[in-house]
Amino acid sequence: MDDFPPTILPPMIAVSGAGDDPLSRRAWPEPAHPYRSPFVRDIGRILHAKAFRRLAGKTQVFTRRSEESDHSRSRLTHTLEVAQIARTAAATLGLNAALAEALALVHDIGHPPFGHAGEKALDSALRTHGLGFDHNLHALRIVTSFEERYAAFRGLNLTLAVREGIIKHSRDYPAANYPELSEYFLDLRPPLEAQLIDLADEIAYLAADFEDGLAAGVLELTQVIDQVPLFARFYAEARAQFPAAESRLLTNEALKQVLNALVTDLMREVTRQVRSQQIETLDDLRRAPHRLAHLSEPMEAQRKEAKSFLFAHLYLSPALEAEHAHAEEVVRMLFAAWTENPELLPFDHQARVAEEGAPRAVADYIAGMTDNYIEQAWLNYRESSKISWE
């Protein structure tokens, strides 16, 4: 492996993207484009979707309430960073880079406002009605139904490969429990282009959350150096190379090398797994006993150590505790109010109540909101309720 990169995987492992490939099929048949491949067209459709644009107003870690800086990641900027990693890794490995990029761009499109706190609150509210919220399944609903841009069909009419990847990039769904997803090969592994997305996501937010947490003053640099060996090693190398540089710039240099080390390790390990299991074709890969996209054991241990630090000192920190509590209150209050009084919903969402019930229709409405939109809806509801009480 000393010649890495580049290391090219057997060519038949990649999703071809050819017009006659079943994975290029769309639910509504369309004529081929003269110079754009099916997955390049999917990239364009995702980029132009309203749900994609709304990611700019959704929390990654910091809301605008807790962090005044305009430089903290949103769901959108995080998504673009994931796309860069996924596209680079796929291209280096000889996979279909356009498919990997499309999947990276769409991987977070189903997330509700307020980050993981908002998702947790929405899922908890739905569970009181025997339902649940899964952002992968919600993303599929967005691209197959909720987006309205075309006269000929609802949704974005994305290829089968992208729809399968939306569902399966981060977890497996038992076929017996999800008969409605039967067209997505639930008994088979997803293509490597899809498998890469979960790791690209992990790698992107690991480095980004250290940067944003340090910039916000929630994390202390000395603490990170003392407790996160993966970062400390590269920070020491940067300081030795640039002894006169500011700590902020040394941090940037260290995080750049953290990213590089993680992505390189991922590609090395994927290559090792393919070779050791003698995978030659996409069909071989789909029938492999486990997913092949993961880090080596030593690097995975370091990643988990770094992520545990972020959970203890950033995600669950007292600095963000009030934000999480506020997010849960807003989601819980509006969900209860609109479920009990669905006539308060916009007309198009009221129409879904008859089809799917008020809890699911309300959850779909909330999940599509940006942080600012749901904050305003919450304030408006509180004000109207106050007036009615008086």
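This is a short tour of one predicted model, stop by stop, with what to select and what is there. Residue numbers start from 1 along each chain as its sequence is written. As the model is predicted, local features need pLDDT of at least 70 and side-chain atom pairs count only at pLDDT 80 or more, totals for chains, interfaces and linings use all residues, and side-chain values use heavy atoms, with hydrogens and water left out.

**Stop one: the cavity**

Select Leu206, Ala207, Phe210, Val228, Leu230, Phe231, Leu255, Val258 and Ala306, and you have the lining of the largest cavity on screen. A cavity here is a set of points, on a 1 Å grid over the protein atoms alone, where a 1.4 Å probe fits but cannot get out; lining residues have an atom within 4 Å of a point. The structure holds 1 cavity of 30 Å³ or more, and the largest cavity has about 40 Å³ of space. That volume is the space filled by probe spheres set on the points, which are joined across faces, edges and corners.

Now show the helices (DSSP runs of H or I, at least four residues, numbered from the N terminus). At least two lining residues come from each of α8 (192–215), α10 (229–241) and α11 (247–276), and α8 gives the largest share, 3 residues. Colour the lining by class: 9 nonpolar, no polar and no charged residues. Nonpolar covers Ala, Val, Leu, Ile, Met, Phe, Trp, Tyr, Cys and Pro; charged covers Asp, Glu, Lys and Arg; the others, Gly among them, are polar.

**Stop two: the rings around Phe210**

Rings of Phe, Tyr and Trp (its six-membered ring) pair if their centres lie within 6.5 Å, and planes under 30 degrees apart count as stacked, over 60 as edge-to-face and the rest as tilted. There are 7 aromatic pairs in the structure. Phe210 and Phe231 are stacked, because their centres are 6.5 Å apart and their planes at 20°. This pair reaches from helix α8 to helix α10, 21 residues apart.

Phe210 also stacks with Phe309, at 6.0 Å centre to centre and 20° between the planes. Phe309 sits in helix α13 (residues 297–315), so this pair ties together parts 99 residues apart in sequence. Phe210 and Phe231 are both buried (under 20% relative accessible area; exposed is over 50%, partly exposed in between; 1.4 Å probe, protein chains only). Phe309 is buried too.

**Stop three: arginines over rings**

Pick Arg352 and Phe146: the charged end of Arg352 sits over the ring, 4.2 Å from its centre. Then try Arg45, which lies over the face of Tyr150 at 5.3 Å from the ring centre. The test is NZ of Lys or CZ of Arg within 6 Å of the ring centre and within 35 degrees of the ring normal.

**Stop four: salt bridges**

The structure holds 25 salt bridges (a side-chain nitrogen of Lys or Arg within 4 Å of a carboxyl oxygen of Asp or Glu). Select Glu164 and Arg286, whose closest N and O atoms are 2.8 Å apart. They link helix α7 (residues 160–168) to helix α12 (residues 282–286), 122 residues apart, and both are buried.

Arg73 and Glu81 come to 3.1 Å. Arg73 counts as buried at 12% relative accessibility, while Glu81, at 23%, is partly exposed.

Definitions and conventions: 1 Å grid on protein atoms, 1.4 Å probe; cavity = no way out; pocket = protein on both sides within 12 Å on 5 of 7 lines; lining within 4 Å.
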